[in-house]
Amino acid sequence: MNHLDFRLTGEVRHRLSVGFPVRARSVDELVRHRADFKRMADRLDSVGQDLAQLPVHQVRSWIDIIEVEDQGGHVIHSGKLLSVPVPINLVESVSPEDLRGLLDPDSRRLDIPAMKFSPNISRLQPSATIAVSTLAKRLRAEGRDIIDLSAGEPDFGTPEWISEGGIEGIRSGATRYTPVSGIPELRRAIAGYLESVGGKPVDWEGVVVGAGAKQALFNAAFTLFGPGDEVLIGAPYWTSYPQMVVLARAEPVPVAGDSDRNFLLTRADLDAAYTERTRGLILCSPSNPTGAVYTLEELREIAEWAKEKDVVLIADEIYREIYFGDDRSCAPSILELPDGSLGPYVLIDGASKCFAMTGWRIGFSYSEVELAKKLGALQSHVTSNAATPSQMAALNAYSDLERATEAKQGMAATFRGRRDRVVELLNELLPQLSFVEPMGAFYFFIRVDALFRDGVSDSTALCSWLLEESGVAMVPGVAFGDDRFVRVSFATSDELMESALRRLADVVGSPASTA
Ligand SMILES: Cc1ncc(COP(=O)(O)O)c(C=O)c1O
């Protein structure tokens with residue numbers, strides 16, 4: 001059914017524009033809520049008193065959430081500043097012009113913008129990770145000493161011999177378009193690397209290089225799924241997966257395994273979530289945000305389930321080489337599975353995490369060639385090739401496998417040392433909190449609902465509070481589909497990490513005082 005999304009906006013103290021996205025089923029429905037709108041506007045005046053202190057341009061609000069945007073459209077506050085008594089999810093179409101005249105003409109605060117957005121983005125949510133990092137930046141700009149544990153990227157520089165490839169590329173004129181799916185040399189080098197992972201031949205034409213693993217994932221979701229399809233997503237999940245599925249106008253279905261098993265999925269979990277409409281399964285191992293890792297046997301079980309159900313398996317292995325187990329040097333890959341275990345799949349990987357190359361924007365997918373061609377065709381109309389000098393840098397990274405392994409294992413060993421230290425510190429300083437002990441990647445997923453209290457009753461509010469009180473920035477678990485947790489990145493030095501955890505312990509207090 002159609003519906004209209006619009007925003008009520010108003011001015012607070014001539015400086016702040018405030019807006020509410022609202023959905024209405026009919027004009028009558030909206031009129032009935034006119035009193036609510038007026039009440040909202042009145043309350044905004046008082047909120048505005050506080051907000052006037054902030055360099056904000058806009059306030060947006062959903063039922064319980066209020067977000068503050070700066071002029072660049074970046075969310076700089078997200079939390080329960082205000083509860084808006086407006087029903088959402090009401091549906092039907094009315095024109096904003098019709099609505100204009102319906103609101104109190106005397107109220108100069110209210111104005112309904114005529115801008116209508118496409119249904120393509122009607123369910124898109126802004127990244128919940130941005131709110132806290134923007135608040136952190138603001139506090140830092142105000143001179144506060146902030147320790148940022150929200151980073152999703154290694155704190156190392158790109159190895160120089162890799163960067164040299166990019167620099168040399170620029171010097172030698174590698175500054176033009178390349179084939180959309182990447183220069184053949186790079187695709188061949190990546191295929192060679194994948195052969196070393198799985199010990200099986202890999203067709204280089206199945207490799208599509210894009211602007212980061214993110215683009216590779218989006219290409220896959222957009223190419224494979226559409227209206228009416230359901231896509232299972234291992235939860236807690238990386239924040240962009242559901243949004244990508246939503247952009248394809250398919251239905252994301254988060255599936256969490258048992259928390260005692262670090263949320264890892266089993267066939268039984270998948271069976272319970274499966275319907276006739278299930279078309280895909282997105283799996284991340286090692287996981288962002290939990291760091292949990294599937295064993296090869298567990299991967300086989302899931303891959304075989306997907307094959308039996310004719311569900312496309314999208315395996316995000318971007319953290320595969322940041323692995324802390326003693327049994328092997330990297331986390332298991334679906335490429336290591338026996339051929340008979342795998343049905344249709346797309347493997348996602350890239351240079352961002354394992355080579356500390358987040359800013360170069362190089363990621364790739366590997367799939368059967370027919371699908372790879374479709375992924376390339378989509379990319380040809382969206383971004384074309386990944387940046388050419390970046391491809392040249394990646395060519396160095398993927399061509400010299402020995403040197404690459406040495407560099408990656410060096411970084412992984414540093415992460416492992418930090419992981420061990422953080423486990424010790426958490427047990428010593430914050431014994432009242434439980435967490436998933438990461439076996440890969442560089443995140444701790446820490447359960448914090450024991451710290452909730454009046455006014456601080458969800459992960460976003462808790463992160464904002466802890467940031468204000470301790471100067472430590474973390475990412476609310478709601479961004480990953482579990483509001484009881486926060487994500488802490490240990491892509492930071494030992495000293496900063498220890499100091500951050502000590503500050504948190506000071507604010508949160510001992511278990512006895514929080515009981
Ligand atoms: C699980 C996961 N997949 C994909 C990506 C995207 O990586 P890239 O920076 O290569 O686009 C990220 C980045 O944070 C991630 O955590």
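Trainee: Which strand and which helix each supply at least two residues of the lining of the second largest cavity?

Mentor: Keep in mind that this is a predicted model. The general idea first: rolling a probe the size of a water molecule over the atoms shows where empty space is left. Here, strand 18 (485–489) and helix 15 (494–508) each supply at least two lining residues of the second largest cavity, and helix 15 has the largest share, with three. The volume of that cavity is about 80 Å³. Its lining counts 13 residues, and Leu-430, Leu-433, Val-448, Met-474 and Leu-504 lie nearest the centre. By class, you get 13 nonpolar, no polar and no charged residues.

Trainee: And what is the volume of the largest cavity?

Mentor: About 130 Å³, in a structure where the search finds seven cavities of 30 Å³ or more. Its lining has 17 residues, with Gly-234, Pro-236, Cys-284, Ser-287 and Tyr-294 closest to the centre. Strand 10 gives the most, three residues. By class, this lining has 12 nonpolar, five polar and no charged residues.

Trainee: How many residues surround the ligand, and which are the closest?

Mentor: For a ligand, look at the shell, then at the polar atom pairs. The shell has 14 residues, and Asp-316, Tyr-319, Ser-352, Lys-353 and Arg-361 are the closest. A side-chain N or O atom of Asp-316 sits 2.6 Å from a ligand nitrogen, while a polar side-chain atom of Arg-361 is 2.7 Å from a ligand oxygen. As for cover, the protein takes up 92% of the 400 Å² of accessible area that the ligand has on its own.

Note on methods
Residues are numbered from 1 along each chain as its sequence is written. This is a predicted model: local features need pLDDT of at least 70, side-chain atom pairs count only at pLDDT 80 or more; totals for chains, interfaces and linings use all residues. Side-chain values use heavy atoms; hydrogens and water are left out. A residue is near a molecule or strand if one of its heavy atoms lies within 4 Å of it. A polar contact is a pair of N or O atoms within 3.5 Å; within protein, one must be able to donate a hydrogen and the other to accept it, and residues adjacent in sequence count only if both atoms are side-chain atoms. Accessible areas come from the Shrake-Rupley method with a 1.4 Å probe; for residues, only the protein chains shown count as cover. On a 1 Å grid over the protein atoms alone, a cavity is a set of points where a 1.4 Å probe fits but cannot get out, and a pocket is an open set with protein on both sides within 12 Å along at least five of seven lines; lining residues have an atom within 4 Å of a point. Grid points are joined across faces, edges and corners, and a volume is the space filled by probe spheres set on the points. Helices (H or I, at least four residues) and strands (E, at least two) are DSSP runs, numbered from the N terminus. Ala, Val, Leu, Ile, Met, Phe, Trp, Tyr, Cys and Pro count as nonpolar, Asp, Glu, Lys and Arg as charged, and the others, Gly among them, as polar.
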